[in-house]
Amino acid sequence: KPYAAGSQVMAPKRKSAGTAKAAAKAAAAQKLAEAAPPLEDLKFLTTEANLLEAFYRIAPSDPCRARRPVQEENSTDLVPPGSFPNPYLAIDLNDKQGVWQKETALSKALGQDPAVACRHRTQQGFLRPAGLRNLGATCYLNSLLQYLFFNLDFRYSFLRAPAESKVVATLQEVFALLAEAESLVVDPKDFITAARVDALEQADATEFSALLLDWLQRELCASGAAFIPALFEGGSSTIVQCSQDHSHFSEKPECFMELRAGLSPVAAALEAKEAAAGNRKSGPKSKAGKKAAKKLPTIRLEQILEETAFPEEILDGSNQWLCPRCDRKVDARRSTRLTKLPPYLHITVERYHFDVDKEERRRLAHPVSFPRRLELRLGGALARGREAPSGNDTATLPVAYECIGYLEHVSDSAHSGHYRATLLREDEEPHVTKVAGCDEAEVLESATKRQKVDGPDAAAGAPQKRSWWRLDDETVTTVTEHEQASCDKAEATEGDPVPVDPARIESATAYLVLYRRCDHDPGQLCQGRRAPQQPRQSPPLTEALQRCVDEHNTELRRQRKEFESNSLAVERFVGERRRAVTCLTEALRQHAVGLAEGQRLDLSFVPAGWLERFLRGEDRTLQNILEGDASIVAPTYAAAMLKGPNCPVAIDPLAIWCGEVKLLPTAALAQVGGQHGGLDSSTLLQADGAMNEEVAQLVFKAFKDFSREFELKAKIQGTRYSVTEVRNEVETAGQDPNVAVWISLRQLNRWRKAVGEAPDLSPQQLWRHFVQEVREYRFGTPIAEGADEASDEEVVAGEAPTVDVPPDVKEVTLPKVKQLTFLGGLLCSHGLVCRPRAAALVSRADLEELLQVSEEKDRACRKIWGAASSRPRLRSGLRENELLSFGAVCNQCRGAVAGQEEAKRKAAPPKQAKRKAGSKEAEREGSAFNNSVFLSSAKTKDIPMEIVKVDDAEKPPLLE
């Protein structure tokens, strides 16, 4: 909204102290860089003295010679903005990819060490749990398979079952690898493929558990291995009892694989109760502008089971029960009683419900608190205490269950999320106590010294210290009981810390809670009950599964051995290369004084790209090193090398200014020699033999032509003529209309970007523009972002210079030749201007002079780089660079183009009009050509006005 009168505009947001400090530091560094001495002496552009040394930058007075040839680590030299690359800077120790760094390109090419992805067996035979690879959206499957594997009864029985189907065989292989493989992660790809599970589609873990256990039960029962019902199947009865006579009742037995605890009705009732209590008792008001976060109430698992899994219902009124013995409808009580309790009990917390108001499925994020020890009662439901049974009534004896894990669904949505498992490992005895930090005396503690336990779990003996593990696909971490409870509570609550009850676990993500009977010894179904001091031993694998595990471990050992061998070869090469770089660094430091003092030293031309690959160790590939070929690659100069007119080989001087070639003392290179696989100075070009006087003169001639071309572009850019001005001059002063010619506005805008706002530049500034242009089309440097690549540029393929380059070294690729046309996008099929609004009028004399200067520069460039040089060429777009005068406008095509543009404008969606200042003037200029009197009075020499109205049958002029 607009500000009212007298209101104050909000002040801009203040920067932080760190941001302001960094900005001040950057500004100070910029000022120091601007005040630093220049890196080049460009006086030769005006004096034209000693061009050879100046162009090749070997003059004793060159400022770069005073700079250090080695940039020390954690130090930077102040470089003025717009400086050219320093040809004497050979080594930058701040390079993060240098061979002196801890991690090099070759070490990265080796990949990850297979030993990192392996788990090792300790002296006691303990293996860390392995993770399962997520193949897309298989986290729900991984969490379930991890629980089934941690279940010792299921694991031992399943691994001994006959594998008569592909699904069973592949799942057994997964379990065998989880048990005995040395890898930290096991890939269940074969099982998922055999079971035809879509790895990219997420499913619910409880639904998949029911499907998998049901299928395995039917498959294994056919082969005689019916152990799944003995582990997970429980029994219950739904009893309806007559209120008139309690001896009249009806009982319906049922079997279950899991108990379902409905969270939705309990949570709704609890929230309604808390809301009613909150209305009666008003709390403290919250601060303005801050909305207090709603804290969800914690619900106990026992309450959910009592109200949803074991409900008691009174059947009365219209819902009366028809008693078969009373032969009439009577009031009755319906209840559920447990008749059989399995060794392993699964309780599903139903966190999903359908919101009728929003008509969508929602997930309930209420924290659920479940006990580590849960007591149930046969013939009843939950045990309410530890009272002893009366007489010999063992039917109501409470049965204790111990929590051995829970599966979690981490998400805010009911349609997606991530699944993980937190499980208790029970196969670590007697080694788990040592892993947990206890001394060996506790490990060897006899059963007689353990705490005596009475009650429903007396058959299980005293509880032992075991470890909890969180299995999140490939990530497996251990958690203590205290960390487990505190982390789960922290996920559900915010604010002040809440005291942790060590006897309970609270979680807002748990949805499948897993319990084991305390009187059931893990592995008892397969191995029987152990003696008090007998250690647990896993049964041996079958021959086929053992062979699968051995092949897997053998392949891992082979990969580790191969990696160790490759690592040694890379370490030897990197060590030699580091010693060579160190030797070169010391040699350059020794000759730095001579360079700074301007001594006449023998210099060598070194390709910058080749030197960079040498310093990074990238001149040799990993395959070369493993094959024993660690020799130095011969330097290649590629586009930096010319074939001069008077010498067989010459270095392009502009390659030095563009940073493609370095200047290093020959004595320093010779000092390194072939030591440690170092440099061979004989393979590098010496400066005395690779310089050419005539090449320097041609470069200077091309620069002079470029300067003149640059000035003419600036002049043409600043001296445009409007159609109205030219028409007035022709009608009133009688001037020749041929003095003004057409040029594309796109071309003028491109020149404006190149020339800038200050066209009157010094020779030094022009030299920077000249080198930038050469860098773009000569050495393949990409054009700056935002450059307008017009569609009217004719692209001509240029041939790259023929240079012998090794196959493992990337050669510089030259871009294509672009011909910049003045009339591109303006001409119709008749060879006339059909889009005057997209064009401008400039002086014919200036444009013709620009074409002539551009042609001279082109001839100079051809002498330097040959006919294959990829430089932009200025052309008019017509045959023999013909220019179109003021009156060469085609009314016939212009009207068609205007109609098409108007149709596009009408078809386009409405937008806010944003016209430039000269848009209306352009419309008036374009409408001036509709004046037939003016067209009939204008006479031209180059293009007669009679061809303005061209017959369609006439042959149009040929376009270049």
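**Ground rules.** I number residues from 1 along each chain as its sequence is written, and my side-chain values use heavy atoms, with hydrogens and water left out. As the model is predicted, I take local features at pLDDT of at least 70 and side-chain atom pairs only at pLDDT 80 or more, while totals for chains, interfaces and linings use all residues.

**Helix 9.** I looked up residues 205-222, which form helix 9; helices are DSSP runs of H or I with at least four residues, strands are runs of E with at least two, and both are numbered from the N terminus. Helix 9 has 18 residues and reaches 26 Å from its first C-alpha to its last, close to the 26 Å expected, where the expected span is 1.5 Å times one less than the number of residues.

Which residues of helix 9 are buried? I list Ala-205, Thr-206, Phe-208, Ser-209, Leu-212, Leu-213, Leu-216 and Leu-220. They sit on the same side of helix 9 because they cover an arc of only 145 degrees around the axis. Buried means under 20% relative accessible area, exposed over 50% and partly exposed in between, with a 1.4 Å probe and protein chains only. The arc is taken from the directions from the helix axis to the C-beta atoms. On the other side of helix 9 I find Glu-207, Leu-211, Arg-218 and Ala-222 exposed.

**Thr-206.** I checked this residue of helix 9 separately. Thr-206 has 8% relative accessibility, so it counts as buried. Leaving aside neighbours within four places in sequence, it is in contact (heavy atoms within 4.5 Å) with Thr-348, Tyr-511 and Leu-512.

**Helix 7 against helix 9.** Helix 7 (residues 166-180) packs on helix 9 at an angle of about 110 degrees, with the axes 11 Å apart. That makes helix 7 roughly perpendicular to helix 9. Val-167, Val-168 and Leu-171 of helix 7 meet Trp-215, Leu-216, Glu-219 and Leu-220 of helix 9. Axes are lines fitted to C-alpha atoms, for helices over the stretch in contact, and angles run from 0 to 180 degrees between N-to-C directions. Angles under 35 degrees count as roughly parallel, over 145 as roughly antiparallel, 65 to 115 as roughly perpendicular and the rest as oblique.

**Helix 24.** In residues 723-733 I find Val-723, Val-726 and Val-730 buried. They line one face of helix 24, because they fall within an arc of 75 degrees seen down its axis.

**Cysteines.** I find zero disulfides, a disulfide being a pair of cysteine sulfur atoms within 2.5 Å. Cys-64 is buried at 0% relative accessibility, and Cys-518 is buried at 7%.
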